[in-house]
Amino acid sequence: TLRAVLAGTGSALPRTRVSNAELAERVDTSDEWIVERTGIRFRHVAEPDETTATLGAAAAREALAAAGLEPSDIGLIILATATPDNTFPASATKVQALLGAPDCIAFDVAAVCSGFLYALSVADSMLRTGAAKHALVIGSETFSRILDWEDRATCVLFGDGAGAVVLSAEDVADDRGILATRLHAEGQYCDMLYVDGGPSTTGTVGHVRMQGREVFRHAVTNLAAVLGEVLADVGLSASDVDWVVPHQANKRIIDATAKKLGLPAERVVLTVDQHANTSAASVPLALDLAVRDGRIRRGDLVVLEAMGGGFTWGAAILRI
Ligand code: ACO
């Protein structure tokens with residue numbers, strides 16, 4: 001069977017790390033409030049020379065090294081982001097240039113926090129239909145540039161960073177590779193979590209706006225449902241799962257979702273305390289961490305899930 005197999009992972013974080021206490025010097029908040037409501041303790045914030053493309057390229061270089069591949073081996077680059085370097089060209093092409101990768105397919109995907117799941121699913125389809133042999137799938141964000149630093153209800157929640165994976169099309173005899181993906185969108189909720197600017201409306205970049213409680217409520221319901229869907233697609237149950245790598249928005253959302261599915265907390269990868277919500281970068285960042293520290297190993301059954309603005313949400317199940 002021709003499948004998209006995980007060949008390597010990588011990640012990159014901005015140099016500067018900001019604690020809750022440091023944020024409390026800028027807005028009326030406290031370490032206690034942030035930790036209790038979200039589980040977040042630190043976030044990385046990009047300096048002017050660190051952009052979505054440079055962070056994405058750094059993560060991609062790590063993933064290529066882990067896969068033992070060169071930029072010239074890559075036939076497809078998909079970059080998920082809501083914070084591109086420029087309105088156009090796609091940041092994927094900037095990453096291509098930074099890597100020195102020759103002619104290949106390169107484009108961005110916009111599904112905010114679910115962006116990596118969308119990008120992974122598109123790459124999976126394209127690899128299985130022969131569009132490329134090796135793909136780079138990147139989630140990279142600089143949300144710090146679109147935060148309203150006066151709005152304590154949103155600015156404490158997000159951070160910057162990038163994660164990347166290399167997927168390779170392989171004719172496998174076993175059950176390795178991406179086994180199923182599911183994607184969803186319900187545009188009637190597009191005003192629950194959005195940016196109040198854009199090239200076609202205000203002509204400005206805009207800031208993140210969110211109805212936190214509504215997002216929270218939908219997140220738990222949708223994420224538990226979509227995890228159930230991918231498990232059912234492959235005829236497996238929660239007890240077969242070795243690791244869950246969830247989108248890192250909020251520890252309470254992650255805990256509530258795992259509980260709903262009967263997944264023990266020890267099998268959930270948690271990075272939200274260190275990185276906050278890095279939107280499309282959060283899943284590949286967390287995946288890379290758990291691969292590098294030896295938790296996720298060859299043979300493990302891993303599920304990825306995310307939910308974000310749109311609303312959009314999705315999940316993937318893969319054997320490493
Ligand atoms: N510090 C101190 N107080 C704050 C802060 C802050 N940073 N932010 C809000 N408050 C205050 C509010 O002003 C409010 O005060 P009031 O009662 O005097 O008006 C009080 O805290 C409660 O505010 P709520 O917004 O009702 O607090 P809630 O318990 O819902 O927690 C939170 C807010 C953490 C945002 C929660 O709703 C949440 O996590 N929602 C999910 C949002 C999310 O994760 N979005 C990420 C993108 S989507 C995704 O990735 C899934």
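The radius of gyration is taken here over C-alpha atoms, and the rule for a globule is 2.2 Å times the number of residues to the power 0.38. For 320 residues, a compact globule would have a radius near 20 Å; the protein chain has 18 Å, which agrees. The model is predicted: local features need pLDDT of at least 70 and side-chain atom pairs count only at pLDDT 80 or more, while totals for chains, interfaces and linings use all residues. Residues are numbered from 1 along each chain as its sequence is written.

**Overall form**

Along the principal axes, the C-alpha atoms of the protein chain fill a box of roughly 55 × 45 × 40 Å. The chain has 10 helices and 13 strands. Helices (H or I, at least four residues) and strands (E, at least two) are DSSP runs, numbered from the N terminus. Buried residues make up 52% of the 320 residues. A residue is buried if 20 or more other C-beta atoms, placed from the backbone, lie within 10 Å of its own C-beta atom. Two residues are in contact if their C-beta atoms, placed from the backbone, lie within 7 Å. Among contacts between residues at least 6 apart in sequence, 79% join residues at least 24 apart.

**The shell around the ligand**

The ligand is surrounded by 23 residues, and the closest are Thr29, Arg152, Gly212, Phe216 and Ala249. At least two residues of the shell come from each of α2 (31-38), α6 (152-155), α7 (212-233) and β12 (301-308). Helix α7 gives the most, with five residues. By class, the shell has 13 nonpolar, seven polar and three charged residues. Here Ala, Val, Leu, Ile, Met, Phe, Trp, Tyr, Cys and Pro count as nonpolar, Asp, Glu, Lys and Arg as charged, and the others, Gly among them, as polar.

**Helix α4**

Helix α4 covers residues 91-99, and its buried residues are Ser91, Ala92, Lys94, Val95 and Gln96. An α-helix has 3.6 residues a turn, so residues three or four places apart point the same way. The cover over the buried residues of α4 includes α3 (52-67), β4 (76-80), β5 (105-109) and β6 (134-142). Just after α4, Gly100 takes a positive phi of about 70 degrees.

**A four-stranded sheet**

Four strands form an open sheet with mixed pairing, in the order β8-β13-β12-β11. The edges are β8 (177-185) and β11 (243-246); each has a single partner strand, so one side of each is left without a neighbour in the sheet. From one strand to the next, the twist averages 10 degrees. Two strands pair if DSSP finds at least two bridges between them.

Strand β13 (residues 312-319) runs antiparallel to β12, and eight bridges join them. Eight bridges also join β13 to β8, again antiparallel. Within β13, Gly314 is the bridge partner of Ala306. Ala316 is the bridge partner of Thr181 and also of Leu304.

How many of the residues of β13 are buried? Eight of its eight residues are. Thr312, Gly314, Ala316 and Leu318 are buried on one side, and Trp313, Ala315, Ile317 and Arg319 on the other.

Helix α10 (residues 282-292) lies across β11 and β12, running at about 145 degrees to β11. For this angle, axes are lines fitted to C-alpha atoms, for helices over the stretch in contact, and angles run from 0 to 180 degrees between N-to-C directions.

**Backbone details in loops**

| Cis peptide bond | Omega |
|---|---|
| Phe88 to Pro89 | about 5 degrees |
| Gly310 to Phe311 | near -15 degrees |

Pro89 is placed in the loop between β4 and α4, and Phe311 in the loop between β12 and β13. Strands β12 and β13 form a hairpin with three residues between them, and Gly310 in the turn has a positive phi of about 140 degrees.

Positive phi values also occur in residues other than glycine. Val112 has a phi near 50 degrees and lies in the loop between β5 and α5 (115-128). Val112 counts as buried because it has 25 C-beta neighbours inside 10 Å. Ala276 has a positive phi of about 55 degrees and is found in the loop between α9 (272-275) and α10. Ala276 is buried too, with 30 other C-beta atoms within 10 Å.

Definitions and conventions:
Buried ≥ 20, exposed ≤ 12 C-beta atoms within 10 Å, placed from the backbone. Near = placed C-beta within 6 Å.
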